[in-house]
Amino acid sequence: GQPLGPRRLSLKPIPKLPNMEAFLREALAKVKRQARGCLAPELCFQAVRAATERPFAEGVRREQELFWVLLTSGQAQALQYAFFAERVVHRWATPSGASWSSAAPQPVRKAAVIGLGTMGRGIVTSLVKANIPLVALEQNLEYLNKGRKAVMLLLEREAMKMEGGAQTLDFHNPTHLQFTVDFNLLRDVDLVIEAVFENMALKKEIFQKLSKICKPGALLCTNTSALNIDEIASATSRPQQVIGTHFFSPAHVMRLLEIIYGRHTSPTAIATAMQLAKALKKVGVVVGNCFGFVGNRMMFPYVQQAVFLLEEGSRPEAVDQVLEDFGLKIGPFRMSDLAGLDVGWRSRKDQGLTGPSLPAGTPARQRHGQRYSPLPDLLCEQGRFGQKTGKGWYQYEKAGGRTATPDPWLHNFLSQYRDTHRIKTRFIDQEEILERCLFSLINEGFAILAEGIASGPEHLD
């Protein structure tokens with residue numbers, strides 16, 4: 001019995017919720033936490049808030065104003081640049097004239113991963129998610145069983161996140177995922193990714209074996225973060241098939257895949273690695289061979305500056321806070337704790353920067369005529385390796401814990417260190433922290449471009 005006149009939703013009054021203020025306050029805190037430094041999510045929140053407080057026409061006007069702020073912001077330009085840069089890097093080229101337009105990839109019907117540590121597990125998970133059948137290999141049964149358990153746990157978590165659940169990830173099927181200690185099972189794979197820890201002798205020994213066992217066309221990839229690809233390739237009879245595929249930790253989450261060609265790497269090998277990146281839904285970036293390649297090479301001076309700031313009077317939590325407020329997902333010290341301080345320590349020992357191979361009488365804070373800080377080495381000597389041991393630059397609730405809290409022990413340790421080396425503590429402001437960390441990162445980027453290790457700025461970015 002009601003008249004059927006048009007009923008415009010936009011003219012209806014907005015029902016008042018009893019706890020609106022508290023609800024909005026909580027929502028804003030959550031948005032700020034999840035999207036640190038990003039304008040858009042916060043302005044979206046403000047648009048929704050306006051809808052609860054004003055009539056429809058005013059709310060729409062407010063939304064338009066906010067949208068205009070975003071449209072003309074530096075963040076919008078930066079995001080557009082990032083979007084197009086990701087597309088530019090698909091079009092790779094090397095100084096020798098090989099390029100994406102002339103090289104064709106080989107099909108990868110079956111793969112293998114050697115080593116089931118943190119990196120190996122993440123790589124196995126990525127391959128299973130991409131539906132590529134694979135063999136996972138470890139050196140002995142104890143490591144194999146430990147690795148298998150960890151991989152299964154990861155895959156179950158990933159399956160729960162995916163639409164359609166575990167049916168979509170066929171990881172209990174041995175033809176899809178096989179665990180073994182037997183190198184002979186690698187005879188028919190199209191591609192092997194070696195992911196053992198950073199030790200040149202060990203990697204060369206594995207590549208020599210692969211060279212004998214794998215079929216002639218198989219691609220031999222190394223997940224190294226800094227070691228020389230040419231030296232690894234020299235252990236094989238087919239250097240043209242050897243290529244670096246540097247995954248970033250955690251490998252099943254991070255989208256970047258650094259693809260490093262050596263002196264002899266064939267264009268087909270590069271094209272195949274790029275095709276693999278695409279299959280794994282990662283952004284493959286082709287770069288040249290030098291110590292640390294691009295990602296880690298830029299990271300070294302950045303982290304080094306952060307440590308120098310501690311020497312001069314700052315604290316890990318202060319440095320991290322400044323860089324995270326600037327918009328980085330995680331500051332240098334929390335990042336080091338997450339990755340494990342022992343990784344860098346092992347690398348510095350191999351380079352002869354620290355440890356027993358240093359000649360007696362080497363000054364503590366100088367190496368090769370350059371300023372050096374032994375602070376990270378001293379922490380490692382104390383067994384403080386980061387999250388895995390529950391203590392690093394921060395302390396954690398337990399070994400393997402995730403929540404970083406400032407550590408009074410470390411603050412005390414820093415002031416003793418400054419006394420020992422007669423360094424006068426000074427107050428360091430946010431601007432100095434930001435500039436010293438970022439400029440060292442940027443300068444290294446220019447050096448990489450100048451040397452032709454990366455073929456364009458987009459590859460660095």
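Biologist: Which residue forms a salt bridge with Arg436, the closest N and O atoms being 2.7 Å apart?

Modeller: Glu432 is that partner of Arg436. A salt bridge here is a side-chain nitrogen of Lys or Arg within 4 Å of a carboxyl oxygen of Asp or Glu. This is a predicted model, so local features need pLDDT of at least 70 and side-chain atom pairs count only at pLDDT 80 or more, while totals for chains, interfaces and linings use all residues. Residues are numbered from 1 along each chain as its sequence is written, and side-chain values use heavy atoms, with hydrogens and water left out.

Biologist: Where do Arg436 and Glu432 lie?

Modeller: Both are in helix α16, four residues apart, about one turn of the helix. Helices (H or I, at least four residues) and strands (E, at least two) are DSSP runs, numbered from the N terminus.

Biologist: And what about Arg436 and Glu312, how far apart are N and O there?

Modeller: Their side chains meet in a salt bridge at 2.8 Å, N to O. Arg436 lies in helix α16 (residues 430-450) and Glu312 in helix α10, so this pair ties together parts that are 124 residues apart in sequence.

Biologist: What do Arg371 and Glu312 do?

Modeller: Their side chains form a salt bridge, 3.1 Å from N to O. Arg371 is in strand β10 (residues 370-371) and Glu312 in helix α10 (residues 295-312), 59 residues apart.

Biologist: Is Glu312 buried or exposed?

Modeller: Glu312 counts as buried, because its relative accessibility is 13%. Arg371, at 32%, counts as partly exposed. The cut-offs are under 20% relative accessible area for buried and over 50% for exposed, with partly exposed in between (1.4 Å probe, protein chains only).

Biologist: How many residues of α10 are buried?

Modeller: 14 of its 18, so α10 is largely enclosed by the rest of the structure. Just after α10, Gly313 takes a positive phi of about 135°.

Biologist: How many salt bridges does the structure hold?

Modeller: 25 salt bridges.

Biologist: New topic. In what order do the eight strands of the open sheet come?

Modeller: The order is β3-β2-β1-β4-β5-β6-β7-β8, and the pairing is mixed. Two strands pair if DSSP finds at least two bridges between them. The edge strands, β3 (177-180) and β8 (283-287), each pair on one side only.

Biologist: In which sense do β7 and β8 pair?

Modeller: Strand β7 (residues 256-261) and β8 pair in the parallel sense, over five bridges. Leu256 has Val283 in β8 as its bridge partner.

Biologist: Now the rings: how many aromatic pairs are there?

Modeller: The structure holds five aromatic pairs. Rings of Phe, Tyr and Trp (its six-membered ring) pair if their centres lie within 6.5 Å; planes under 30 degrees apart count as stacked, over 60 as edge-to-face and the rest as tilted. The rings of Trp345 and Phe385 have centres 6.1 Å apart and planes at 45°, so that pair is tilted.

Biologist: Which aromatic pair is stacked, with 10° between the planes?

Modeller: Trp409 and Phe413, at 5.0 Å centre to centre. Both lie in helix α15, four residues apart.

Biologist: Is Phe413 buried or exposed?

Modeller: Phe413 is buried, with a relative accessible area of 12%, whereas Trp409 is partly exposed at 34%.
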